[in-house]
Amino acid sequence: MLCQHKMCNMIQIMRKLLITKEISKAARGLVGWSANRLADEAGISPDTIRSFESGRTGSLSAANQEAVQKSLEAAGVQFLENGDVAAGTGVAMKSKQQNG
């Protein structure tokens with residue numbers, strides 16, 4: 001159960017991951033979804049997803065990002081921030097420092 005304290009809600013909001021076009025495409029790939037399926041599950045326009053993932057638009061609105069993230073999480077995707085560890089089998093990008 002999620003904590004309902006104002007401070008806990010602020011921390012949860014601050015921890016929201018910025019979904020990039022690469023993360024969006026990779027997450028869709030993990031669950032086998034097309035851009036159309038993601039749009040349908042998130043309740044947003046398929047063109048919004050295609051424009052974002054192609055780079056025509058730089059970012060999703062906060063509401064669309066939240067809808068995309070919640071839809072993918074409901075399908076089993078676990079989003080990681082720097083330093084987080086996955087709770088199961090999967091893939092993650094190394095930090096630029098680890099790559100170099």
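This is a predicted model: local features need pLDDT of at least 70, side-chain atom pairs count only at pLDDT 80 or more; totals for chains, interfaces and linings use all residues.
Of the 100 residues of the protein chain, 24% count as buried, where buried means under 20% relative accessible area, exposed means over 50%, and partly exposed lies in between, with a 1.4 Å probe and protein chains only. Residues are numbered from 1 along each chain as its sequence is written, and side-chain values use heavy atoms, with hydrogens and water left out.

Let me start with the overall picture. The chain has six helices and zero strands, taking helices (H or I, at least four residues) and strands (E, at least two) as DSSP runs numbered from the N terminus. The accessible surface comes to about 7200 Å², and 55% of that belongs to carbon and sulfur atoms; the areas come from the Shrake-Rupley method with a 1.4 Å probe, and for residues only the protein chains shown count as cover. If we take contacts between residues at least 6 apart in sequence, 54% of them join residues at least 24 apart, a contact being heavy atoms within 4.5 Å.

Now to helix 2, residues 21–31. Which of its residues are buried? In helix 2 they are Ser24, Ala27 and Arg28, and because they fall within an arc of 100° when seen down the helix axis, they line one face of the helix; the arc is that of the directions from the helix axis to the C-beta atoms. In general, an α-helix has 3.6 residues a turn, so residues three or four places apart point the same way. The face of helix 2 turned away from the buried side carries the exposed residues Gly29 and Leu30. The cover over the buried residues of helix 2 includes helix 3 (35–42), helix 4 (46–54) and helix 5. After helix 2 comes Gly32, with a positive phi near 70°.

In helix 5 (residues 62–74) I would point to Gln65 and to Gln69. Gln65 is buried, with a relative accessible area of 11%, and Gln69 counts as buried at 12% relative accessibility. Leaving aside neighbours within four places in sequence, Gln65 is in contact with Leu17, Leu18, Ile19 and Leu60, and Gln69 with Leu17, Ile19 and Phe79.

Finally, the largest pocket holds about 950 Å³ of space. Of the 28 residues that line it, the closest to its centre are Ile23, Leu80, Val91, Ala92 and Met93. On a 1 Å grid over the protein atoms alone, a pocket is an open set of points where a 1.4 Å probe fits, with protein on both sides within 12 Å along at least five of seven lines, and lining residues have an atom within 4 Å of a point. Helix 2 gives the most to this lining, with six residues.

How values were computed:
Grid points are joined across faces, edges and corners, and a volume is the space filled by probe spheres set on the points.
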